[in-house]
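Here is a short briefing on one protein model. Keep the sequence and the structure open while reading.

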Amino acid sequence: MTASGGSVRRLLAQNSAVLRRGAEHARQQIFGHVPILEGAAAGNKTAKKTFTGPYLEKYYPTSINHHARKVHDGWETEQEEYRRVKLTQRRRKGKGPPKKGAGARSGKKR
């Protein structure tokens, strides 16, 4: 009996790293633990934090303009309409933006 006990101890001593690795793997699967990396952060602090997504969604609601443009042709916000009207007024006066390639630098010699 002592001979077999000694041989078991010897086997355990020789294969202790392999057995420990197998036990660690089994523990991770059974209890859902994450492997511990040497010198690395576990990430538990971040995992415990509450999600801020729903609160940000409430604070910054999505604009209806995105969906309205898909449904209605020519959908404009008040700001876009104001810009368009202002631009047409400036074009009538001759103060609109120049045509492509006809800017202030186009007349300069190189």
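Histidine 67 sits in helix α5. With a relative accessible area of 47%, histidine 67 is partly exposed, because that value falls between the cut-offs of 20% and 50%. Histidine 25 lies 42 residues away from histidine 67 along the chain, and 50 Å separate their C-alpha atoms. The model behind these values is predicted.

**Overall build**

- The protein has six helices and zero strands.
- Read from the N terminus, the order of elements is α-α-α-α-α-α.
- The radius of gyration is 36 Å, well over the 13 Å that the globule rule gives for 110 residues, so the protein is more spread out than a compact globule.
- Along the principal axes, the C-alpha atoms fill a box of roughly 110 × 50 × 25 Å.

- The domain assignment gives domain 1 (9–38) and domain 2 (64–93).
- Taken over C-alpha atoms, the centres of domain 1 and domain 2 are 66 Å apart.
- Glutamate 80 and valine 8 are separated by 72 residues in sequence. In space, their C-alpha atoms are 83 Å apart.

**Surface and burial**

- Of the 110 residues in the protein, buried ones make up 4%.
- The protein exposes about 11200 Å². Carbon and sulfur atoms supply 57% of that area.

**Threonine 77: a buried loop residue**

- Threonine 77 is found in the loop between α5 (65–71) and α6.
- Its relative accessible area is 18%, so threonine 77 is buried; the cut-off for burial is under 20%.
- Which residues does threonine 77 contact, leaving aside neighbours within four places in sequence? They are Asn65 and Arg69.

**Glutamine 28: a buried helix residue**

- Glutamine 28 belongs to helix α2 (residues 16–31).
- Glutamine 28 counts as buried because its relative accessibility is 18%.
- With neighbours within four places in sequence left aside, glutamine 28 is in contact with His33 and Pro35.

- Helix α6 holds glutamate 80.
- Is glutamate 80 buried or partly exposed? At 31% relative accessibility, glutamate 80 counts as partly exposed.
- Glutamate 80 touches Arg69 and Trp75, with residues up to four places away in sequence not counted.

**The tyrosine pair**

- The structure holds one aromatic pair.
- Tyrosine 59 and tyrosine 60 form this pair, and its geometry is edge-to-face. The distance is 4.8 Å centre to centre, with 85° between the planes.
- The angle counts as edge-to-face because the cut-off for that class is over 60 degrees.
- Tyrosine 59 is exposed, and tyrosine 60 is exposed too.

**Confidence**

- The average pLDDT of the protein is 84. A score of at least 70 is reached by 93% of the residues.
- Where is confidence lowest, and where is it highest? The lowest is in helix α1 (residues 2–14), at a mean of 73. The highest is in helix α6 (residues 78–93), at 95.
- Glutamate 80 lies in helix α6, the helix with the highest confidence.

Key
Residues are numbered from 1 along each chain as its sequence is written. This is a predicted model: local features need pLDDT of at least 70, side-chain atom pairs count only at pLDDT 80 or more; totals for chains, interfaces and linings use all residues. Side-chain values use heavy atoms; hydrogens and water are left out. pLDDT is the predictor's confidence in each residue, from 0 to 100. Helices (H or I, at least four residues) and strands (E, at least two) are DSSP runs, numbered from the N terminus. Rings of Phe, Tyr and Trp (its six-membered ring) pair if their centres lie within 6.5 Å; planes under 30 degrees apart count as stacked, over 60 as edge-to-face and the rest as tilted. Buried means under 20% relative accessible area, exposed over 50%, partly exposed in between (1.4 Å probe, protein chains only). Contact means heavy atoms within 4.5 Å. Domain bounds come from an automatic or database domain assignment. The radius of gyration is taken over C-alpha atoms; the globule rule is 2.2 Å times the number of residues to the power 0.38. Accessible areas come from the Shrake-Rupley method with a 1.4 Å probe; for residues, only the protein chains shown count as cover.
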